[in-house]
Amino acid sequence: MKKVLVVDDSPVDLKHLERLLSDSGVLVLTAATGAEALDKARQEQPQLILMDVNMPGLDGFSTARKLAADPATKAIPVVFVTAKDQKADRVFAQMLGAKGFVTKPCSAADLSAYL
Amino acid sequence: MSTPTAPASAPTEAPERVQVVGCGPHLLGFAYGWARAVLELTEAPTPVPNTPAWLLGVANLDGQVVPVVDLAEWLAPGVQPQPNAWQGATGTTWRVLLGGAGETQLALRFNGLPLPLPWRLQTRNLPAVRSSLPAALQPLVLGLLNIPAGWGFRPGLPGLVLNPNALYEALEADLLRWVHPDTLDPLASASASHTPATPA
């Protein structure tokens, strides 16, 4: 069973993504902050991280950069799932090493490509 | 019984207010409707690799991720001293003007102190001033602004009131020109077609 870490500060969005992924037969781990995501990524070694960008404290871009700098987590692919939809945001995501960019609100079909 | 007398002149429209900041050799004004806050960054922006030098990174401002831009570098690449390296809270910090709303916010790094001023559209000398400006700046200028003496700016230097939406579009267009399209397409196409993106 594929293990996916979902990172989002919005409980509603977190629940929505958790439900979508569970219905697809994915084992879902969740984190509400970037700092929590760093810890869980190191401990749980998920096969994929779905991450929001706008979060208080450690935002998604900073978290991705820290994940990429840590030998224990740098191989885990990150897909941003965010309400940000400017072209510039896609460039930033790409340059920070993201493997994908999905705009909220998203469906199971939007995520299935990465599972 | 006295008759009311007409005012000597019609009441003038109240001036707008603009926030003026120094960016390299330019004094740039932004209407208060766009300019929201002057902030001192307490943490270094997250650098974005392989992007132009004018993009200093992205900063988390109240939970919103906002690009931090050095307009002096954008207008004259390599002419200004390289942006100071971040030295933390005890060293050099970057002061930024945060503007815009929603997903099109910008944080513009500036030098010196911000100067709030009233502004009325003044275009009398605009063509002459505009022609002396860097090409990227010319289409963004809405009008000119007289800067009072005593603010540490070069005497006689006109302030330039900019169209911030046009500025955002110009910066985004420049970023997309600068980044090779092949490195951008996988993400864009992955989102559109639901096919996995290939690593950059």
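How many residue pairs are in polar contact between chain A and chain B? In this predicted model, the count is 10 residue pairs, both partners at pLDDT 80 or more. Confidence in chain A averages a pLDDT of 94, and 100% of the residues score at least 70. Within chain A, helix α2 (residues 34-44) has the highest confidence, at 98. Helix α5 (residues 108-112) has the lowest, at a mean of 89.

The contact between the chains draws on 32 residues from chain A and 32 residues from chain B. Interface size is often expressed as the accessible area lost when the parts come together. Here, chain A and chain B bury about 2,700 Å² between them. Carbon and sulfur atoms account for 61% of that area. On the side of chain A, Phe92(A), Gln94(A) and Met95(A) lose the most area to chain B. Together they make up 25% of what that side buries.

Several elements of chain A contribute to this contact. The largest share, nine residues, comes from α4(A). By class, this side of chain A has 17 nonpolar, six polar and nine charged residues.

Helix α4(A) spans residues 87-95. Eight of its nine residues are buried, so the helix is largely enclosed by the rest of the structure. The buried residues are Ala88(A), Asp89(A), Arg90(A), Val91(A), Phe92(A), Ala93(A), Gln94(A) and Met95(A). After the helix comes Gly97(A), whose phi is positive, near 95 degrees.

Side chains of opposite charge can pair when their charged atoms come close. The structure holds 12 salt bridges over all chains. One salt bridge is counted between chain A and chain B. Its partners are Glu103(B) and Lys84(A), with an N to O distance of 3.3 Å. Lys84(A) is buried, at 3% relative accessible area, whereas Glu103(B) is partly exposed, at 22%.

Other salt bridges lie within chain A. Lys3(A) pairs with Glu44(A), the closest N and O atoms being 3.6 Å apart. This pair links distant parts of the chain, strand β1 (residues 3-7) and helix α2, across 41 residues. Lys3(A) is partly exposed at 21% relative accessibility, and Glu44(A) is partly exposed at 32%. Lys40(A) forms a salt bridge with Glu36(A), with 3.5 Å between the closest N and O atoms. Both residues lie in helix α2, four residues apart, about one turn of the helix.

Two residues of chain B illustrate local packing. Gln105(B) sits in the loop between β6 (95-99) and β7 (106-119). Gln105(B) is buried, with a relative accessible area of 7%. Its side chain makes a polar contact of 2.4 Å with the side chain of Arg36(B). A polar atom of the Gln105(B) side chain also lies 3.1 Å from the backbone oxygen of Gly102(B). Beyond its neighbours within four places in sequence, Gln105(B) contacts residues including Gln64(B), Val66(B), Pro67(B) and Tyr168(B).

Leu39(B) lies in strand β3 (residues 35-40). Leu39(B) is partly exposed, at 27% relative accessible area. Beyond its neighbours within four places in sequence, Leu39(B) is in contact with Leu61(B), Trp94(B), Arg95(B), Val96(B) and Leu98(B). The C-alpha atoms of Leu39(B) and Leu61(B) are separated by 9.2 Å, with the residues 22 apart along the chain.

Definitions and conventions: Residues are numbered from 1 along each chain as its sequence is written. Chains are lettered from A and ligands numbered from 1 in the order in which they are written. Side-chain values use heavy atoms; hydrogens and water are left out. Buried means under 20% relative accessible area, exposed over 50%, partly exposed in between (1.4 Å probe, protein chains only). pLDDT is the predictor's confidence in each residue, from 0 to 100. Contact means heavy atoms within 4.5 Å. Buried area is the accessible area (1.4 Å probe) that two parts lose on being put together, summed over both. A salt bridge is a side-chain nitrogen of Lys or Arg within 4 Å of a carboxyl oxygen of Asp or Glu. A polar contact is a pair of N or O atoms within 3.5 Å; within protein, one must be able to donate a hydrogen and the other to accept it, and residues adjacent in sequence count only if both atoms are side-chain atoms. Ala, Val, Leu, Ile, Met, Phe, Trp, Tyr, Cys and Pro count as nonpolar, Asp, Glu, Lys and Arg as charged, and the others, Gly among them, as polar.
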